[in-house]
Amino acid sequence: MTPAAGRVGDKEETMAKIMIIGAGGVGNVVAKKCAMHPEVFGEIWLASRTLAKCEAIAAEVKQVCGVEISTARVDADNVAELAALLDRVGPELVINVALPYQDLHIMDACLLCGVHYLDTANYEPEDTAHFEYSWQWAYQDRFRDKGLMAVLGCGFDPGVTNVFCAYARKHLYDSIETIDILDCNAGDHGHPFATNFNPEINIREVTQVVRHWRDGAWVETPPILDDGAVHFSFDYPLVGPRESYLLYHEEMESLVRHFDGLRRIRFWMTFGQPYLTHLKVLENIGMTRIDEVEFEGQKIVPIRFLKALLPDPGSLGATYSGKTVIGCIFDGTRDGKRRRTYLYNVCDHAESFKEVQSQAISYTTGVPAMIGAMMMVEGVWRGEGVFNIEQLDPDRFMDELNKNGLPWQVVDFDGTLPD
Ligand code: NDP
């Protein structure tokens, strides 16, 4: 096996060899955005379970960016197989944009081979629809002892939202009391029902019991499909009022841990009534179940069968119009005065498609993953162990958002939020 690497970014040559794992909607964006920076990413590998998907993306990368990338087939749940590939190729960094189920296996292979690690979604066991950071935080000593860096949750949310919080703490506030993260997709893909990223992961996430943090404890409220779900109409920049539902989202867990004195943090996501009605019906008839059921002499998992029927999120871009607006509203004090600010990005589905043949959800995930990788291989982010990105300096990352297709705004906020 390759000996443990030095600190990320510690090397003579400036161009890095990286391996992207996962050739879905997000993998497509990461591959193209990395290929647009040959001065940073000198050699790009794309590996996934289905080689044909890697090859299709590689052909588009060549066409769009004029860059050759290498491809490989790998089952990332097979640590020995993945470690053999990492050893053969010798990348400096793995960008994991496969599914959350693979996170720990990919981290294990990185440890074996001395490779740094970055992902966009926290680990979730396949048989339980529950995600939390504890499993990956438990790798802290192992990554530190090998002199390796693992950066967790570097998409948009988690990801950019965490960086927005770090930026607000560094530049806008002496003390932050409350954070409201608001995620609005005001786009229209033209299908009666589709999910914007992997349907299985997406539906597991949005059907959970909702939690938010208030006065030192997690408070539970009903899931978005139940009568008691908490929602309100928020007037989003450029797109107008949209019904926004309280939802549990993983970045709240790490932000509560890394922001002292936070009195409240909530996450809101917009859902249209047709989406909620479809999902309610699917849930009522058992199509969102994640356990095996007997069907014509074989076992199937209903949510996986549903995934096979739904549009591939990666294919939605061609007809998608409208915008996403994702950001954070902060309430706190600066120089003894109360201050409320709104820090957000607006991304356009059609513009994303024009640039990298992707809708805006994959785009807003893939661009930050590329920027995080850039921060690591350039040594802007350095460290040994496991990090959430609010623990790292936000400044260069914020600059790169502006340069790489995700410009942000910060404004005073004078609207109202539910108490
Ligand atoms: P897709 O389902 O489109 O792509 C996932 C890819 O991973 C597929 O190519 C799939 O292969 C591959 N894969 C699955 N299992 C394995 C395995 N065992 N070994 C190797 N490859 C495997 O998902 P998305 O691109 O939409 O999402 C990718 C990730 O991004 C997810 O983890 C998702 O949660 C995360 N995400 C994060 C967001 C954020 O803002 N932080 C927002 C949106 C997504 P195959 O094609 O063969 O199935």
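Helices here are DSSP runs of H or I with at least four residues, numbered from the N terminus. With that in hand, take helix 10: G286 comes after this helix and has a positive phi, near 90°. The helix itself covers residues 273-284, 12 residues in total, and reaches 16 Å from its first C-alpha to its last, close to the 16 Å expected at 1.5 Å a residue.

Now for the whole thing. Keep in mind that this is a predicted model. The protein comes to 14 helices and 18 strands. Its radius of gyration is 21 Å, close to the 22 Å that the globule rule gives for 419 residues, so the protein is as compact as a globular protein of that length. Along the principal axes, the C-alpha trace spans about 65 × 55 × 40 Å.

Which order do the strands of the 7-stranded open sheet follow? Going across, you meet 3-2-1-4-5-6-17, and the pairing is parallel. Strand 3 (70-73) and strand 17 (385-388) sit at the edges, each pairing on one side only. From one strand to the next, the twist averages 20°.

Inside this sheet, strand 5 and strand 6 are joined by 2 bridges, and L118 has V151 in strand 6 as its bridge partner. Over towards strand 3, helix 2 (residues 51-65) lies across strand 2 (41-48) and strand 3, running at about 145° to strand 2.

**Strand pairs side by side**

In general, strands of a sheet pair through backbone hydrogen bonds, either parallel or antiparallel. Here are three pairs from this model, with both directions represented.

| Pair | Bridges | Direction |
|---|---|---|
| Strand 5 (residues 116-119) and strand 6 (residues 149-152) | 2 bridges | parallel |
| Strand 15 (residues 323-334) and strand 16 (residues 337-348) | 12 bridges | antiparallel |
| Strand 16 and strand 18 (residues 408-412) | 5 bridges | antiparallel |

Strand 15 and strand 16 make a hairpin with 2 residues between them, and D335 in the turn has a positive phi of about 50°.

**Around the ligand**

How many residues surround the ligand? There are 34, and the closest are G24, V26, A76, G155 and F197. Helix 1 (25-35) and helix 13 (360-377) are the elements that give two or more residues to this shell. Sorted by class, the shell has 15 nonpolar, 14 polar and 5 charged residues.

Most residues other than glycine have a negative phi, and most peptide bonds are trans. A couple of spots here go the other way. The peptide bond from D157 to P158 is cis, with omega near 10°; P158 lies in the loop between strand 6 and helix 7 (160-172). Then there's L238, which isn't a glycine but has a positive phi of about 70°. L238 lies in the loop between strand 10 (231-236) and strand 11 (240-246).

Key:
Residues numbered from 1 in each chain as written. Predicted model: local features only at pLDDT ≥ 70, side-chain atom pairs only at ≥ 80, totals over all residues. Pairing = 2+ DSSP bridges. Axes fitted to C-alpha atoms, helices over the stretch in contact; angles between N-to-C directions. Contact = placed C-beta atoms within 7 Å. Expected span 1.5 Å × (residues − 1). Near = placed C-beta within 6 Å. Nonpolar A, V, L, I, M, F, W, Y, C, P; charged D, E, K, R; others polar. Rg over C-alpha atoms; globule rule 2.2 N^0.38 Å.
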